Amino acid sequence: RRSYSQSRARVIAPRPEIGARETITPARGGVPKLTVFWPEKHTGLLPAMIFFHGGGWCLGGLDTYEPLCRELANQTGAAIIWVEYRMAPESPFPAAIEDAWAAAEWVQANAERLGFDPRRIGLAGDSAGGNLAAVTAIAARDGYVRFDPAFQVLIYPCLDLTASAPSHDELAKGYLLTKELYAWYRRNYVGHLAEHSDWRISPL
């Protein structure tokens with residue numbers, strides 16, 4: 001994780017000015033810490049985007065993602081809600097999903113008190129975070145989570161952990177995320193499970 005942060009430090013954009021940055025530690029057990037980024041200009045109840053970060057369910061943090069969250073807030077006019085979900089290998093599947101679902105339910109239930117429009121709350125994430133957003137959307141659709149997403153934004157999402165597509169062999173090396181590294185992420189996250197086609201693991 002230190003190496004990941006150091007490698008990103010050289011390419012991280014400056015942090016743009018925003019309306020406010022607020023850290024929320026919900027009193028309800030099981031809900032992870034949240035950080036809200038408010039857009040520079042905002043009035044009334046705002047739309048909100050619950051954001052799950054990438055990093056193979058193992059890496060990533062606000063030190064590398066805060067500029068993006070700030071930019072998203074200003075460009076969309078929505079409050080961006082960063083979810084500090086538990087990561088593998090210390091907390092393998094389903095810990096991250098449990099945190100994602102708990103965060104979505106808590107934000108929905110407390111939306112107006114927090115300043116969010118309960119009808120305009122969506123899910124977003126990149127890579128592994130896109131996986132968590134997609135799984136949460138399916139869970140909401142099928143009644144596993146008390147949440148009504150207005151949208152989902154999936155940025156190069158990881159949706160199929162079976163690693164069965166031909167590209168895993170054809171593009172195994174030379175494209176940043178190698179077959180070997182992807183296998184390492186998968187082992188850390190769900191290596192103790194044989195059924196990678198479970199929809200909570202492979203939402204595609």
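Author: Buried means under 20% relative accessible area, exposed over 50%, and partly exposed in between, with a 1.4 Å probe and protein chains only. This is a predicted model, in which local features need pLDDT of at least 70 and side-chain atom pairs count only at pLDDT 80 or more, while totals for chains, interfaces and linings use all residues. Residues are numbered from 1 along each chain as its sequence is written, and side-chain values use heavy atoms, with hydrogens and water left out.

Reader: Then E66: buried or exposed?

Author: E66 is buried, at a relative accessible area of 3%.

Reader: What does E66 form a salt bridge with?

Author: E66 pairs with R15, where the closest N and O atoms are 3.6 Å apart, and with R21, at 3.1 Å from N to O. A salt bridge here is a side-chain nitrogen of Lys or Arg within 4 Å of a carboxyl oxygen of Asp or Glu. In general, side chains of opposite charge can pair when their charged atoms come close.

Reader: And where do R15 and E66 lie in the chain?

Author: R15 is in the loop between α1 and β1, while E66 belongs to helix α2, 51 residues apart. Helices (H or I, at least four residues) and strands (E, at least two) are DSSP runs, numbered from the N terminus. R15 is partly exposed at 48% relative accessibility, and R21 is partly exposed at 41%.

Reader: Which residues are linked in that network of salt bridges?

Author: The network links R15, R21, E66 and R70. The structure holds 14 salt bridges. Another of these joins the side chains of D117 and R119 at 3.3 Å, N to O; D117 is buried at 6% relative accessibility, whereas R119 is exposed at 68%.

Reader: Changing topic: which residues do the cis peptide bonds join?

Author: One joins A88 and P89, with omega about 5 degrees, and another joins F93 and P94, also with omega about 5 degrees. P89 lies in the loop between β4 (79-83) and α3 (95-109), and P94 is in the loop between β4 and α3 as well.

Reader: Which residues have a positive phi without being a glycine?

Author: Among them are W57, with phi of about 65 degrees, and Y156, with phi of about 30 degrees. W57 sits in the loop between β3 (46-52) and α2 (62-76) and is buried, at 2% relative accessible area. Y156 lies in the loop between β6 (152-155) and α6 (167-170), and is exposed at 58% relative accessibility.

Reader: What volume does the largest pocket have, and which residues are closest to its centre?

Author: Its volume is about 990 Å³. Of the 34 lining residues, S127, Y156, L176, L177 and Y185 are the closest to the centre. On a 1 Å grid over the protein atoms alone, a pocket is an open set of points where a 1.4 Å probe fits, with protein on both sides within 12 Å along at least five of seven lines; lining residues have an atom within 4 Å of a point. Grid points are joined across faces, edges and corners, and a volume is the space filled by probe spheres set on the points.

Reader: Which elements give two or more residues to the lining?

Author: Those elements are α1 (2-9), α2, α6 and α7 (179-190).
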